[in-house]
Amino acid sequence: LKIPLSKTSAMPNPSWSQTAGPKYCGGYRGGKDSVCPRCYAGQGRFRFQNVREANKNRYNWFHASPRDQVIGVLVNAYMGQRYARVFVSGDFCHVRCVDTWIEIVKRCPQTKWWFPTRCWTNKEYHPALRKLNKRPNVVVRLSNDEIGHPVPNEVRQSLGINTTSTVYDDLTASCPKQVSHGNCQDAGCLRCWDGRVQEITYSLNGGKVNWRKFHAL
């Protein structure tokens, strides 16, 4: 069984992407200042039919297939890759998902993994996120909940996990890709995979997403 991984010009290697939105992301939160209703994963190229179908298919396969099959297929797919990002689109939707990825990264020790997640907003995820972040080849980053407001210090310190933040403009962004309009392979980048970098900020992309319409396209 072959499940195609996602590949963009920005990422240094194939990564994992799946459908996003209020029914699919365990850390989703609505509200005026929330990042989620302005998520880039509901805009731009993510609106193309082939991209939406591929992301939905990956989501359905991951959650409907036997756990051992999922682990085996993804270990085989990532074996030999230097870098991988999980998730380009989407997030964990259940604590069991974190446990499955822990087993996958354990079997791919040569791959450097980066997991951005907003599931820290649900304390049920905290033990699993700590366990995932302790893997020597993994960097978990907690994504902020509100635009312009970083993850609370008490959460960062409690979990011992680095963070990212979405801000309103490029002037306060620290992501080299956005500042230089390059990509994650540019010299001086790959910072998201570097556990020594405690905080990275990204500028807000686009406007508000109508998730119901997005999934009905």
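About 30 Å³ of space lies in the largest cavity of this structure. The model is a predicted one. A search of the whole structure turns up 1 cavity of 30 Å³ or more. Start there, then step back to the chain around it.

Which residues line the largest cavity? The lining consists of Gln-18, Phe-62, His-63, Phe-87, Asp-91, Phe-92, Cys-93, Cys-97 and Trp-101. Look at their classes next. The lining has 6 nonpolar residues, 2 polar ones and 1 charged one. Asp counts as charged, and Asp-91 is on the lining list. Phe, Cys and Trp count as nonpolar. The list includes Phe-62, Cys-93 and Trp-101.

Helix 1 covers residues 49-64, and helix 3 covers 95-106. Each of these two helices supplies at least two residues of the lining.

Step back to the whole chain. How many helices and strands does the protein chain have? There are 7 helices and 5 strands. Follow them along the sequence. The pattern reads α-α-β-α-β-α-β-α-β-α-β-α.

Next, consider how the chain packs. The protein chain has 217 residues, and 53% of them are buried. Buried here means under 20% relative accessible area. Then take the contacts between residues at least 6 apart in sequence. Of these contacts, 75% join residues at least 24 apart.

The protein chain exposes about 10,700 Å². Carbon and sulfur atoms supply 49% of that area.

Technical notes:
Residues are numbered from 1 along each chain as its sequence is written. This is a predicted model: local features need pLDDT of at least 70, side-chain atom pairs count only at pLDDT 80 or more; totals for chains, interfaces and linings use all residues. Side-chain values use heavy atoms; hydrogens and water are left out. On a 1 Å grid over the protein atoms alone, a cavity is a set of points where a 1.4 Å probe fits but cannot get out, and a pocket is an open set with protein on both sides within 12 Å along at least five of seven lines; lining residues have an atom within 4 Å of a point. Grid points are joined across faces, edges and corners, and a volume is the space filled by probe spheres set on the points. Helices (H or I, at least four residues) and strands (E, at least two) are DSSP runs, numbered from the N terminus. Buried means under 20% relative accessible area, exposed over 50%, partly exposed in between (1.4 Å probe, protein chains only). Contact means heavy atoms within 4.5 Å. Accessible areas come from the Shrake-Rupley method with a 1.4 Å probe; for residues, only the protein chains shown count as cover.
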